[in-house]
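Subject: Structure handover

Hello,

Here is the structure for your set. My notes follow below it.

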Amino acid sequence: MQTNLASWARDTDLGKEADAILRRCVHCGFCTATCPTYQVLGDELDSPRGRIYLIKQVLEGAEPTQSTQQHLDRCLTCRNCETTCPSGVQYGHLVDIGRKIVEERVPRSWADRTKRTLLRKTMLSPLFGPAMRLGQAVRGMLPEALKRKVPERRAAGPLPQVAGHARQVLMLAGCVQPAMMPTIDAATIRVLDAVGIGARIAPGAGCCGAASFHLDAQDEALAQMRANVDAWWPLLQDGKVEAIVMNASGCGAMVKEYAHHLRHDPAYAQKAADIVALVRDVAEIVAPHAAQLRSRLPEGTRAAFHPPCTLQHWQGLRPLSEQLLVDLGFALQPFADKHLCCGSAGAYSVLNPEIALELRDRKLGAIAAGGPDVILSSNIGCIGHLQSGTDTPVRHWIEVVDEQLRRPAGQRGA
């Protein structure tokens, strides 16, 4: 793709990066075939190729409009297009640049700005936990739209003493998962304990930054990234911590990009790169121990595995995760369009509910054809979003493995 960037963009870091990405695009259109929003809306401007053209026009001097902003907002950032692209276009980084530039030039309505700010502040507030527990207590009385966002509460259960393990890993506290689904972190700690790995949460580490980054607060997100680097760095210096383990693929995907986001910060660039080298999805940690665990697990649990976009397209870990589940004894049921987004995408399902629900229902319809007893995934957003549309249990796979390990031996049948 030929480009002719405007003078205000040509010599900036963002402009140079965007120009390099744009020049790799060959207009082939393969991305449109795998773009969820294009499949739902049928509008070229709601496809990766269309959004690339919009960003190119802005960088070349065209004035962005609210329509430009809307088309960029509608992107789920699933990066399915990157998996499909034969030219290696880094669309995800390009759309981040485009959104930032358009956000600076197109004022949002008061209502839109308020909704996004409230979403961000709510998720990051220390009051989120108490509010979530209250919502769970009165869940049956909530309006349907709100009820979809409040999962039924499940007790986290007791935690083992893990300090004595020779192998130690860190976990991210995160922002919403401990309040919404505390069982995921607890299950992770117990399963890792079962294979001789101690897992603990680093004091001072919090939200990975994804919520702020995708809600028009990129500077705030960078501050959250630096805070996590500061929390982890001292604990990594003695070499006793072998990895930073992520059990929410959305957080894992974001933290694995810390080196990219902090590349221009001389105080954090190298630290971020060193930290990224230690980040592992929980499946990567458990996979070498599958044979050790399998003797304690039932055979043949009928399950459908929904691989989150942040797992399969951002991190490329779908094959490893699916093989792990097979190795652990699950009978995985195939379903169509596994590569497509379920519509959750962080705050997307709140900001674009019609598209999100359309994608959710398509996904659940495809999964239902296999008649699974449980739907497995590896990201809290996908789990909550899918569960809101089905009576089939939707769980993080680590929760199910943990439940099976804790059953008495006589109750471990499939």
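S3 and S4 pair in the parallel sense, over three bridges. Two strands count as paired if DSSP finds at least two bridges between them. Met-246 stands opposite Asp-281 in S4. Helices (H or I, at least four residues) and strands (E, at least two) are DSSP runs, numbered from the N terminus.

Before you go on, note that this is a predicted model: local features need pLDDT of at least 70, side-chain atom pairs count only at pLDDT 80 or more, and totals for chains, interfaces and linings use all residues. Residues are numbered from 1 along each chain as its sequence is written, and side-chain values use heavy atoms, with hydrogens and water left out.

The four-stranded sheet

S3 and S4 belong to an open sheet of four strands, in the order S2-S1-S3-S4, with parallel pairing. Strand S2 (197-201) and S4 stand at the edges with a single partner strand each, so one side of each has no neighbour in the sheet. Neighbouring strands are turned by 40° against each other on average, direction ignored.

Strand S1 (residues 167-171) runs parallel to S3, and four bridges join them. Val-169 stands opposite Ala-243 in S3. Leu-170 stands opposite Ile-244 in S3. H15 packs on the sheet and touches S1, S2 and S3; its direction makes about 150° with that of S3. Helix H13 (residues 182-194) lies across S1 and S2, at about 155° to S2. Axes here are lines fitted to C-alpha atoms, for helices over the stretch in contact, and angles run from 0 to 180 degrees between N-to-C directions.

How enclosed is S3? Five of its six residues are buried, so S3 is largely enclosed by the rest of the structure. Buried means under 20% relative accessible area, exposed over 50%, partly exposed in between (1.4 Å probe, protein chains only).

Gln-218 is found in helix H15. Gln-218 counts as buried because its relative accessibility is 16%. Leaving aside neighbours within four places in sequence, Gln-218 is in contact with Asp-96, Lys-100, Ser-212 and Phe-213. Contact means heavy atoms within 4.5 Å.

In helix H18 (residues 269-276), Ala-272, Ile-275 and Val-276 are buried. They cover an arc of only 100° around the axis, which puts them on the same side of H18. The arc is that of the directions from the helix axis to the C-beta atoms. The buried residues of H18 pack against helix H15 (218-236), strand S3 (241-246), helix H16 (249-255), helix H17 (258-261) and strand S4 (279-281).

Strand S7

Both faces of strand S7 (residues 374-377) are covered. Val-374 and Leu-376 are buried on one side, Ile-375 and Ser-377 on the other. Strand S5 (residues 301-305) pairs with S7 in the parallel sense over three bridges. The bridge partner of Phe-305 in S7 is Leu-376. S7 is also joined to strand S8 (residues 394-396) by three bridges, and these two run parallel. Ile-375 stands opposite Val-394 in S8. From S7 the chain crosses through helix H25 (residues 380-387) to S8, and this β-α-β crossover is right-handed. That is, with the strands pointing away from the viewer, the path from the first strand over the helix to the second runs clockwise.

Regards
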